[in-house]
Amino acid sequence: MQLDEVLHKEKLTRDEIIFLLKLKDENDMRKLIKRADEVRKKYSGDEVYLRGIIEFSNYCSENCLYCGLRNDNANIKRYRMQPEEIIETAKQISNLGIYTIVLQSGEDYYYDTDLIAYIIYSIKQHSNCAVTLSLGERGFDEYRIWKLAGADRYLLKHETANQKLYSIYHNHQMVGGRIRHLKFLKSLGYQIGSGNIIGLPMQTEEDIADDILLCDELDLDMAVFGPFIPAPFTPYQNRRTGSIKLTLKTMAVARIVLKNVHIPATTALATIDEAGRIKGLTSGANVIMPDFTPLQYRENYEIYPNRNTLKEEPNNVKTLLTLQLESIGRKISSERGDSLKLYFGSDRILHYPY
Ligand code: SAM
Ligand code: SF4
């Protein structure tokens with residue numbers, strides 16, 4: 001296969017995606033990254049969109065084998081933020097000029113339909129920010145009510161498109177079930193985000209190619225690819241950390257295949273490599289999700305250890321990011337960063353495809 005030809009194709013086959021993911025030569029890697037950067041610039045420009053994340057509860061009823069928040073882990077200190085505290089934190093984020101609030105938690109039914117609706121509605125009263133929910137799999141009627149309350153987006157990673165692996169990681173559940181949730185969310189008008197974890201035990205490059213193809217099929221608004229980091233007190237605590245190289249390759253290939261999609265440089269990437277954010281942003285990414293969870297809770301949201309955000313002061317984050325971005329000729333966007341699929345060409349005319 002000719003690398004230059006594949007990199008410039010409009011539509012890539014599964015074999016071509018696998019070919020790119022298996023590139024080893026440093027020179028070839030550079031070509032891949034350069035092409036992804038061009039595609040990112042064409043479809044999203046040089047601005048970087050910020051999403052302020054509030055991890056409001058680390059209780060979880062699920063038992064994903066890789067995650068430190070899993071229900072069976074009795075070794076982390078559990079916490080729940082009160083609704084008014086969540087709403088106040090969201091206000092602080094939008095006062096900093098960050099216009100997407102991501103509400104994330106384990107699957108925690110303490111926050112019932114009405115309570116989540118109240119939080120969304122209250123946040124939307126105070127500012128024109130977008131609200132993204134990342135609460136795991138919840139009821140279809142709940143999704144509907146939260147949309148009516150003002151939620152704009154839902155982030156639910158499929159984690160792996162390989163049914164055999166999905167069922168191993170998730171207590172015999174079916175990846176088809178998760179896909180149904182994503183499709184339903186999209187049909188309600190949510191902008192949807194999904195994606196995988198790179199380097200989970202038993203995963204191959206072929207699996208990652210299928211993950212990218214699934215992201216394409218789902219017509220995602222945001223696609224997330226973060227490295228696996230082993231978490232203590234989980235069945236995978238002694239497994240190997242996901243490779244930074246493979247993560248960056250995946251992000252670059254995803255950018256070339258998916259084109260007009262948001263791709264974040266994840267916290268996990270910044271955790272396994274100090275320069276991870278910048279490397280991600282130059283490999284196709286156009287989004288950063290800084291952590292605004294109040295510091296007293298943050299260390300207990302231990303999906304995996306030593307998250308790089310543990311010491312980031314909410315008030316300094318934007319200044320720090322501005323400096324980092326300047327070094328690569330990029331800058332923070334002052335917009336909400338809605339789906340790149342809501343606009344046509346450079347006129348950016350609003351077009352709702354739902
Ligand atoms: N409970 C919600 C869910 O699962 O969608 C949201 C919170 S969950 C902690 C957010 C994401 O963390 C998951 O989608 C998963 O991809 C990621 N994650 C969990 N454990 C991880 C690990 N050990 N390494 C890297 N990412 C991990
Ligand atoms: Fe719970 Fe989400 Fe972690 Fe799975 S990934 S154990 S659903 S917090």
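Reply: Let us begin with a term: contact means heavy atoms within 4.5 Å. Helices (H or I, at least four residues) and strands (E, at least two) are DSSP runs numbered from the N terminus. This is a predicted model, in which local features need pLDDT of at least 70, side-chain atom pairs count only at pLDDT 80 or more, and totals for chains, interfaces and linings use all residues. Residues are numbered from 1 along each chain as its sequence is written, chains are lettered from A and ligands numbered from 1 in the order in which they are written, and side-chain values use heavy atoms, without hydrogens and water.

Me: What do the buried residues of α5 pack against?

Reply: They pack against β2 (52–57), α4 (83–95), β3 (100–105), β4 (130–134) and α6 (140–149).

Me: Which residues of α5 are buried?

Reply: Buried means under 20% relative accessible area, exposed over 50%, partly exposed in between (1.4 Å probe, protein chains only). An α-helix has 3.6 residues a turn, so residues three or four places apart point the same way. In α5, the buried residues include Thr113, Ile116, Ile120 and Ile123.

Me: Which residues of α9 are buried, and what covers them?

Reply: Among them are Asp207, Ile208, Asp211 and Leu214. Their cover includes α2 (14–21), α8 (175–187) and β7 (222–227). Just after α9, Asp219 has a positive phi of about 55°.

Me: Which residues are around ligand 2?

Reply: A residue is near a molecule or strand if one of its heavy atoms lies within 4 Å of it. Around ligand 2 are Cys60, Glu62, Cys64, Cys67, Leu69, Arg70 and Gly106.
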